[in-house]
Amino acid sequence: MSNGSFPPEPGRRGRTLAIVLAALIPACFAGWLLWSSLGDSKDDGADGAGGPTTSSTSSPSPPSSGAPSPSTPSGKQSGKPLDGKVVVIDPGHNPNNRDHSSRIARLVDIGTDEKECDTTGTATNSGYAEASFTLDVARRARTLLEARGATVRFTQDGDRPYGPCVDERAEIGNKAHADAVVSVHADGAAAGERGFHVILPKSVRGGGADTSAITAPSRRLGERLLSRFAKATGSEPAQYIGDGSGLDVRGDLGGLNLSTVPKVFIECGNMRDSQDAAELTDAAWRERAADGVAQGITDFLNE
């Protein structure tokens, strides 16, 4: 051998190998015991308090009923109660009518007769105009109806110099193919007369008027409106109109005669009576009135 080294003696090599094996065998046996113990512990966890195993998570889920759970976001309704419905609200009169007296005084055809284009409307003794009242209630009702998914259109929103005339008011609802039209008003009866009432179209036919197709659905609309308005406001149906039922049938209003879609008027109270006037001039009461109008329309459209 180079570098002056010599091969080890045979006896020394055997003793060294024996020593190494004596150290390794106990260590390997201890490792096997530890692995076996851990494996038994995992198997116990599948049926006990341990975490889920592969077999537990891969078990088939219970069959689905096909209906989303109401407790999850997927269980919420995606639509709104008046989706796809068109409502026209007709705020009676116009705050600017008083500045155009000759224009609103001209006669227009209402099918069975002729009548003034429009009027200024009435007012409370303190000067609160019917036209201001009708716009306020109409706008509040619009907010409620739009929140329910309805498309709401106005005949005027205080954005016209006067009017529109009664024949045009009817035409706006017709052209919109409205599912319901409500004309909002307040009455100007004698002091001491209280309450609200709903005006329904009479069955008329003449000239451009033919209400035969809308009298029945208009009555249903009026009945729903009557019920909901009374509940929302606490007001009683007027006793000075008709039979005291709160429903009045008329054939002399162009806005009804010329309508081809379900339509009614609501006289929300008597502006010339001090007790009614106190309610009509109160913003909180007008909000309740708007709620009654909106809910009456909603009930009718959800029949």
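What follows is a chat about a predicted model of one protein chain.

Reader: Hi! How many helices and strands does the protein chain have?

Author: Hello! This is a predicted model, and the protein chain in it has nine helices and ten strands.

Reader: Thanks. And what part of the 303 residues is buried?

Author: Buried residues make up 40% of the 303 in the protein chain. As for contacts between residues at least 6 apart in sequence, 79% of them join residues at least 24 apart.

Reader: Let's go to the largest nonpolar core. Which of its residues touch the most other members?

Author: Those are I89, L145, V182 and I297, out of 36 residues in the largest nonpolar core. At least two residues of this core come from each of β1, α4, β4, β5, β6, α6, β10 and α9. The largest share of this core is eight residues, supplied by α9.

Reader: Nice. What is I89 in contact with, leaving aside its neighbours within four places in sequence?

Author: With those neighbours set aside, I89 is in contact with A138, A141, R142, L145, V152, R153, F154, T155, V182 and V184. Another core, of six residues, lies apart from the largest one, and V86, V88, A176 and A178 are among its members.

Reader: Helix α6 came up just now. What should its 19 residues span, and how far apart are its end C-alpha atoms?

Author: Helix α6 covers residues 215-233, and at 1.5 Å a residue it should span 27 Å. The end C-alpha atoms of α6 are 26 Å apart, which agrees.

Reader: Good to know. Which residues of α6 are buried?

Author: The buried residues of α6 are P217, S218, L221, G222, L225, L226, F229, A232 and T233. These buried residues pack against β5, β6, β9, β10 and α9.

Reader: And what happens just after α6?

Author: There you find G234, with a positive phi of about 80 degrees.

Reader: Changing topic: what volume does the largest pocket have?

Author: The volume of the largest pocket is about 380 Å³. Its lining has 19 residues, and H93, V166, H185, L253 and F265 lie nearest the centre of the pocket.

Reader: Which elements supply at least two residues of that lining?

Author: β3, α5, β5, α7 and β10 each do. The largest share of the lining, three residues, comes from β10.

Reader: How do the lining residues divide by type?

Author: In the lining of the largest pocket, four residues are nonpolar, six are polar and nine are charged.

Reader: I'm also curious about L258. Where is it, and is it buried or exposed?

Author: L258 sits in the loop between α7 and β10. L258 counts as buried because its relative accessibility is 15%, and buried means under 20%.

Reader: What does L258 touch, apart from its neighbours within four places in sequence?

Author: L258 is in contact with D109, I110, G111, D167, A170, N174, G208 and A209. One of these, A170, is 88 residues from L258 along the chain, yet their C-alpha atoms are separated by 5.8 Å.

Reader: Last one: where is T151 found, and what is its relative accessible area?

Author: T151 is found in strand β4. T151 is partly exposed, with a relative accessible area of 39%. Not counting residues up to four places away in sequence, T151 touches K85, V86 and V87. The C-alpha atoms of T151 and L82 are separated by 8.4 Å, while 69 residues part the two along the chain.

Notes
Residues numbered from 1 in each chain as written. Predicted model: local features only at pLDDT ≥ 70, side-chain atom pairs only at ≥ 80, totals over all residues. Heavy atoms only, no water. Helix = DSSP H or I, 4+ residues; strand = E, 2+ residues; numbered from the N terminus. Expected span 1.5 Å × (residues − 1). Buried < 20%, exposed > 50% of the residue type's maximum accessible area, 1.4 Å probe, protein only. Contact = heavy atoms within 4.5 Å. 1 Å grid on protein atoms, 1.4 Å probe; cavity = no way out; pocket = protein on both sides within 12 Å on 5 of 7 lines; lining within 4 Å. Points joined across faces, edges and corners; volume = space filled by probe spheres on them. Nonpolar A, V, L, I, M, F, W, Y, C, P; charged D, E, K, R; others polar. Core = buried A, V, L, I, M, F, W, Y, C linked by side-chain atoms within 4.5 Å.
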